[in-house]
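Here is a short walk through a structure. Keep the viewer open as you read.

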Protein chains: 2
Amino acid sequence: MTEYKLDHMFDPDIVALAGASKSPYKWGSTILRHIVKGGYEGEIYPINPEADEILDLNAYPSVLDTPETPDLTLIATPSQAVPSVLEDCIDRGVETAVIITAGFGEAGEEGRETEKELVEMAREGGIRFAGPNCMGIFSSRADLHALMPPVRPLHGNVSFISQSGNLGVQMLDRGVHVGLGFDMFVSSGNEADLTCSDYLEYFRKKYSTDVNLAYIESIKNGRKFLDTAKRTSDEKPIVVFKSGETEAGKSAAQSHTGSMAGSKEVYDGIFRQTGAVKAGFTENMLYFGLGFNQSIPENDEVAILTRGGGWGVVAADACNKRGISVPHPPREIIEELDELLPPYWSGGNPIDTVAVQNIYIQHDIIDALKEWDVGGVIILGGLGGHFIDVAMDNGLSEEDARQYCLEHSEKIVELSEEKTVFTVAFRPYDKSEPAEYLRENGVPVYYDPQTAVLSYSKLLEYKDYLES
Amino acid sequence: MTEYKLDHMFDPDIVALAGASKSPYKWGSTILRHIVKGGYEGEIYPINPEADEILDLNAYPSVLDTPETPDLTLIATPSQAVPSVLEDCIDRGVETAVIITAGFGEAGEEGRETEKELVEMAREGGIRFAGPNCMGIFSSRADLHALMPPVRPLHGNVSFISQSGNLGVQMLDRGVHVGLGFDMFVSSGNEADLTCSDYLEYFRKKYSTDVNLAYIESIKNGRKFLDTAKRTSDEKPIVVFKSGETEAGKSAAQSHTGSMAGSKEVYDGIFRQTGAVKAGFTENMLYFGLGFNQSIPENDEVAILTRGGGWGVVAADACNKRGISVPHPPREIIEELDELLPPYWSGGNPIDTVAVQNIYIQHDIIDALKEWDVGGVIILGGLGGHFIDVAMDNGLSEEDARQYCLEHSEKIVELSEEKTVFTVAFRPYDKSEPAEYLRENGVPVYYDPQTAVLSYSKLLEYKDYLES
C-alpha cells in the first residue's frame, strides 16, 4: 500500500459513475445530482448502457468507451453487475473505485464469495477499491460529494473513516452545526480491499489533515492497524468510536458489515497502545475533533472563567472528575481581579464574574489571566450571539454590541496564543460572527461545560501518550 | 408549609417590582421589560421612590402606596435596601416575594447575618420568599417571565427548580431547541426561606406538572427532602442533577450559593431512596424529561427500527450497556418483514430498513411491530425534516414528501398508544411539522441513539422504584 496513492480517489480529475440513472428513484441518479450540485469541477462520466446523456452530461455505455481514463469510478449498479463493471475498470486502466452497491460480504454466503472474487480481480488488475456496501466519499479539496444522502459538510482539517455510512454522513451533517470541518471522508463499508488502516496511512501523510476520526465496528488486520495507528498518533491524533461492544451490538454489526466485532478488551488494548483517543458517544468524535485544534496544554491546571456560578460548579466538578486541577489563583491575580470585580465576586477559581452588567471588564479579566501559569483557560458564557443579546438588553446598540463581542473574541484568540483555550457558548450551534471568529481561529466553541471539559481531558490523555 | 399556597407566587394577579428602574443598565429595568414583553396580563406595579412611571406603567414609591396588595413582590433593589423593602411587603400584607438581589449568604459573614434577619422577619410577618441571589421565576400559566436573562421558554408540563440561575435559564433556553416545555421554573438561589423541598411539594400537587427537574448543589433539610421527594416520586418522576460532587465543585458551590455540598455518597443514597433519577450531564435533565412523556415500558425488551446499520449497532450496544434487551424477532414478525423488505435486510433486531428507497414500506413495518410483545420501540431516522428532504431527493414533490412524513408521524403516534416509543431524528433540533407532531403527541424526539437509549433506561429505573 505504501507505494500507492489514494490521490486518485480523493482528488480525481475525472470521475465515472457506473449505474448512473435518469430515474430519480435510483441511487445512480441521486449520487450524480449530489456530485453536480456539490460543485465538483472535474470531468464527470455517467456510465449507462441505455442513455446518451444524464443530467446534461454525456453518458457512455461503459468505462471502456469514455474519452479518457477516469481516475475514480463510483459503482452504484445492481450487485450482479458489479464484477463486470470492475473488470471493465481494470481493462480501462482505472486505478481506484468506490463500490457503493450492497449485497456482498454482509449478505450471506453467496455475497461473501462474490466479494472475495472482487478482491482477487482487483489485486490482479491493479485497482484499489472502497466498499462495497458503503455510502461514498467526500473530499473538500476536489469539492467532491460522491455521497448517497444530501449532505454538505463544512470544509476543514479533519479526515474521517466510517465503517457505517449513515452514521458517517450524520456526523458530517452534525459537523456543520457544531462547526467542525472535514478534509476527507470515506464510508469504508465492508472494507473488502482498502481498510481503515490504508485510509489512516493516507491521511497521516496528507498535510491538509490535522485530526483523524474513525468509527470502527471491526479491524481486519490488527497488526497493520497497530503499526499504522501508532505511526499516525505520533504525528496527529486519532479519535475513535468503537461499536459492537456488547452481544446485541456485535450481532447487529455482523449483519451490518459482515464483521466480527471482537472483544471489547482487545480493542481497548489496541487503542491504548496506539494512543487513539476513544469517544464514548458518537457526537463526542466531533467535540474531541474540535478540541484538537488547540495546542496541547502545558500542564493539567486550568482557570475557569464563568458568567454564572452554576456553570462554574459544573465545570469544576467535571475537571476534578477528569483529573484536571482547578487551583486557587495566586495572590497577584486575586488582587488584579479584586480591582476589576465587585466585592462579592467568587474570590477564587472558578472566577465568577457574577453577571456583572459592565461587560467591558471581561476584556481586562482575560488580560489578567495571561499572567497566571495555568496550562489552560475554560471560558463559560459571555460569548457569541447570546452575549450580543445580553449586551443589547443592557442598552448597547446592535452595532456596538456586535463590535464589543467581536473584540471579546479577538481577546480570547490572543489568549489562545499563550494557553489552551476552550469556550462554552450559551446558545447551541451559535453561528454569530463572534462565535465564528473563534472557530476560524481554532478556538473551539462548546455548548455545555461538561463536554468542553471532557474534550479538554482528551488533550491531556493524548499528551500522556506522546510523552510516554 | 402544607397550608401554604405558592399560587400567589406562580399565578399572581398583581406583581410589584421593587427596584424597578428607567436605566437600561439596571436589572430593575431588564426584568420589567421581560415581564412586559413576555405577555403577562396581570397588573404590574413598578416600585421606585423617584419615578412616576416606568415603561408606561404607573410607578409607586413603595409597596405601601400601591392601589391594591400585590400577590408577589419581586425585589431587585441594592442589597442594603432589601430588609426595608421586605418590611414594607409585610406591612402591606404581601404574601410572597422573590429576592433577586445578591450579596447575602453567599457573600461572607455580614451577608449571612442579614440573610438570617430576612428569614426571621419573613417568618414573623407571614411572607414566604424565594432567593435571595437568584435569577427569578417563570410561570407558563401566568405567562410570567420574571427573569434576568432574555429567555422565552416553551410552555409544557415540566416544572424545574434550579439552585443555579444561569444554569436554570440556560436549560429553559435549551428546552426550546430540544422541544421540552415548562410549566413553572424557579431559580431558588440561596434558599434562605423557601427550599427545594417546598417547591417540589407544590409541583407535586399541581395537575399541570407531570415531571419535576431539579439542579441541586445542596439540600438544607435532608429529612424533609427525603419525605417530600418520596411522596412526589410515587406520583410523578423527579430528575436531578447534583453538582458539587468533587473538591473543586464543592468549593465552587460554596462561593456560589454559600452552600455546603456534602458527600456524594450521602446524596446518591438520598436520590436512590427517593426514586429520583439522576442525570450525569446537565442537558440530560431535559432529555430525561422528554422521555417521561411516554408511558413506562411493560418490559425491558425493545425493538430497534433503523434507517441505517451503524445507528442500529450503536443503539443495540447502548441498550445492552443499560440493561435493555434487544431480542430476536419471533418467526411471524420475521415473515412479515421478509415480505416487506429486500432479501438482504438485517433479518433480526435491529431491523435495518437498509436505506430502502420505497419509503412507503416504513408505514407497514410500523404496523407489523404492533404485533410483537416488546415493551418499546426505538425508531432511528426516517423522520422529520431530514426525511422530507430524502423523500424529495427520491423524486417526491415537496407537498407529497411533507404529507408522507406527517402520515409517518401519525403511524408512530398510533404505535405509542400500545408501546413506549422513542424516536431519533437525523437533524438536530428538528422543528419540521412531522417532528413537531410527534412532540405534541408526547413522542420524544432525540438526536442521537445513545441519549435516546439512556433516557429510555431511566423509565425502567423509575419503574423499578415504583415496583420496589
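R223(A) is exposed, at 53% relative accessibility (exposed is over 50% relative accessible area, buried under 20%, partly exposed in between; 1.4 Å probe, protein chains only). The model is predicted: local features need pLDDT of at least 70, side-chain atom pairs count only at pLDDT 80 or more, and totals for chains, interfaces and linings use all residues. Residues are numbered from 1 along each chain as its sequence is written, chains are lettered from A in the order in which they are written, and side-chain values use heavy atoms, without hydrogens and water.

R223(A) sits in helix α7 of chain A, residues 222–235 (helices are DSSP runs of H or I, at least four residues, numbered from the N terminus). Its C-alpha lies 32 Å from that of A76(A), and 147 residues separate R223(A) and A76(A) in sequence.

Now turn to the interface. Chain A and chain B bury about 5,600 Å² between them, 58% of it on carbon and sulfur atoms (buried area is the accessible area, 1.4 Å probe, lost on putting two parts together, summed over both). Two salt bridges are counted between chain A and chain B (a Lys or Arg side-chain nitrogen within 4 Å of an Asp or Glu carboxyl oxygen). K321(A) pairs with E245(B) in a salt bridge, with the closest N and O atoms 2.5 Å apart.

Last, the cysteines. The whole structure has zero disulfides over all chains (a disulfide needs two cysteine sulfur atoms within 2.5 Å). For C134(A), the nearest cysteine sulfur is that of C196(A), 14 Å away. C134(A) is buried, at 4% relative accessibility.

Key: Helix = DSSP H or I, 4+ residues; strand = E, 2+ residues; numbered from the N terminus.
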